[in-house]
Amino acid sequence: MIITLENVGMIVIWLGIITMIVGVIVALEQEKIVRMLAYHSVSQMGYVIMGIGVAAYLGFEGAMGFAGALYHMINHGLFKALLFMVAAAVFFKTKEKNMYRLGGLYKQMPFTAAVGLIAVLGITGMPFFNGFASKSILHHAIIESYEYGHPVFRYAEYMFTLVSAGTAASFIKLYSKVFLGYSNDKYRHVKETYGFGTLAMAILAFFIIIGIFPNVLMDLFIIPAAHQLSYDNYFINNYLGDMTFFNVVDLSGMITVYGLGLLIYWVGMKYNLFHLHLPKQFDPESDFYTPIYEKSGQSIKRALDMIEQFISNSDVFIYGTMLLVIITLLLNYV
């Protein structure tokens, strides 16, 4: 069997879709804020991998996948950095990692709640925030994969929409549990402080909001980068150049995503589906392993924490390596 760039691209697309699905499902089940954000990094890298797969699969006509993957890498760095900073601000003031033990913090931490909302709207793809543009491009890319390629990718588009809805559901849960609702008496006296970290959060929030001008980044950086590769110039100029992001189809698509997200959130909370845990024998942090930890010290737990940290941090390595491999294949393909 001859391995072609098209075959590699097809495999990479499905790897990206699987990564998106697994990441968002595991993220939905998390109670700890940082863990949820870490698993969402895995899911968001699935978007990027899928885009790279489309770029490879469609070859000369794969500019949409390349543009979406590159754009989403940039956007992910912005809203995920802000989300982790928000999580850190909440933890430093409350010393609490579990979102279910918080609530009503918008009163004590109004600035953190405001920039946190901006970051949430960014990662869920709300129109006029940065994530909307890159997710729209990636959505167009997966549509092109079945219009110009194999019809099986129609199912990949359905999965893309469901994952986006799952992302919306998990961040509705996160924001409502941390900042909305009734305040926990334990944290009524929490006071927000301001410093250089506040300025950094404001700057990140600003760049997320300027998603209202998505063509700026496209015209200044992404389209010129696409022209440097082997993609069809006609395809780039007519599909990426002066791309209209705020059109009826894409905007109405987000209504579907948020509607499904609200439904997933409601069903999950009503039927307690966001607390499905593995059997205690498979959870290294359960009380089942306490005697072992006490006898062997904390060395095993530290090793497990290192593995989890490696998994959480490996997303950058994974998509960076994938991008390098695909670009190398594209250059060899010319």
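Reader: Glad to look at this one with you! How are helix 4 and helix 6 oriented to each other?

Author: Happy to start there, keeping in mind that this is a predicted model. The axes of helix 4 (residues 110-124) and helix 6 come within 9 Å, and they cross at roughly 170°. Angles over 145 degrees count as roughly antiparallel. The two helices are therefore roughly antiparallel.

Reader: Which residues of helix 6 make that contact with helix 4?

Author: On the helix 4 side, the contact is made by Ala-113, Ala-114, Gly-116, Leu-117, Val-120, Ile-123 and Thr-124. By class, the contact of helix 4 with helix 6 has 8 nonpolar, 3 polar and no charged residues. The helix 6 side is made up of Thr-167, Ala-168, Phe-171 and Tyr-175.

Reader: Is helix 4 largely enclosed by the rest of the structure or largely open, and how many of its 15 residues are buried?

Author: The buried residues of helix 4 include Thr-112, Ala-113, Val-115, Gly-116 and Ile-118. Also among them are Ala-119, Val-120, Leu-121, Gly-122, Ile-123 and Thr-124. Helix 4 is largely enclosed by the rest of the structure, because the number of its 15 residues that are buried is 11.

Reader: Which helices do the buried residues of helix 4 pack against?

Author: Helix 6 is one of these partners. The others are helix 2 (33-58), helix 3 (63-94), helix 5 (130-147), helix 7 (196-209) and helix 10 (248-270).

Reader: How far does helix 4 reach from its first C-alpha to its last?

Author: Helix 4 has 15 residues, and at 1.5 Å a residue the expected reach is 21 Å. The reach in the model is close to that expectation, at 21 Å.

Reader: And which residue just after helix 4 takes a positive phi?

Author: The place to look is just after helix 4. The phi there is about 85°, and the residue is Gly-125.

Reader: Let's move on to helix 5. How is helix 5 oriented to helix 10?

Author: The axes of helix 5 and helix 10 come within 11 Å and cross at roughly 100°. Angles from 65 to 115 degrees count as roughly perpendicular. That makes the orientation of helix 5 to helix 10 roughly perpendicular.

Reader: Which residues of helix 10 make the contact with helix 5, and what classes does the contact hold?

Author: Helix 5 brings Phe-132, Ser-136 and His-140 to this contact, while helix 10 brings Asp-250, Leu-251 and Met-254. By class, the contact of helix 5 with helix 10 has 3 nonpolar, 2 polar and 1 charged residues.

Reader: Which residues does Ala-133 contact, leaving aside its neighbours within four places in sequence?

Author: Ala-133 lies in helix 5 and is buried, with a relative accessible area of 1%. The C-alpha atoms of Ala-133 and Thr-244 are separated by 9.9 Å, although these residues are 111 residues apart along the chain. Leaving aside neighbours within four places in sequence, the contacts of Ala-133 are Tyr-71, Pro-214 and Phe-245.

Reader: Is Ser-145 buried or exposed, and what does Ser-145 touch?

Author: Ser-145 also has its place in helix 5. At 0% relative accessibility, Ser-145 counts as buried. Not counting residues up to four places away in sequence, Ser-145 touches Ile-13, Val-54, Tyr-57, Leu-58, His-150 and Phe-153.

Reader: Now for charged pairs. How many salt bridges does the structure hold?

Author: Side chains of opposite charge can pair when their charged atoms come close. In the whole structure, the number of salt bridges is 3.

Reader: What separates Arg-154 and Glu-157 along helix 6?

Author: The side chains of Arg-154 and Glu-157 meet in a salt bridge at 3.8 Å, N to O. Arg-154 is partly exposed at 36% relative accessibility, whereas Glu-157 is buried at 11%. Because they are 3 residues apart in helix 6 (residues 153-178), the separation is about one helical turn.

Reader: What is the N to O distance between Asp-185 and Arg-188?

Author: Asp-185 is exposed, with a relative accessible area of 54%, and Arg-188 is partly exposed at 44%. Their side chains meet in a salt bridge, with an N to O distance of 2.4 Å.

Reader: Last one, with thanks! How many helices and strands does the chain have?

Author: Of the 334 residues of the chain, 47% count as buried. Among contacts between residues at least 6 apart in sequence, 81% join residues at least 24 apart. As for the elements, the chain has 12 helices and 0 strands.

How values were computed:
Residues numbered from 1 in each chain as written. Predicted model: local features only at pLDDT ≥ 70, side-chain atom pairs only at ≥ 80, totals over all residues. Heavy atoms only, no water. Salt bridge = Lys/Arg side-chain N within 4 Å of Asp/Glu carboxyl O. Helix = DSSP H or I, 4+ residues; strand = E, 2+ residues; numbered from the N terminus. Buried < 20%, exposed > 50% of the residue type's maximum accessible area, 1.4 Å probe, protein only. Axes fitted to C-alpha atoms, helices over the stretch in contact; angles between N-to-C directions. Parallel < 35°, antiparallel > 145°, perpendicular 65-115°, else oblique. Contact = heavy atoms within 4.5 Å. Nonpolar A, V, L, I, M, F, W, Y, C, P; charged D, E, K, R; others polar. Expected span 1.5 Å × (residues − 1).
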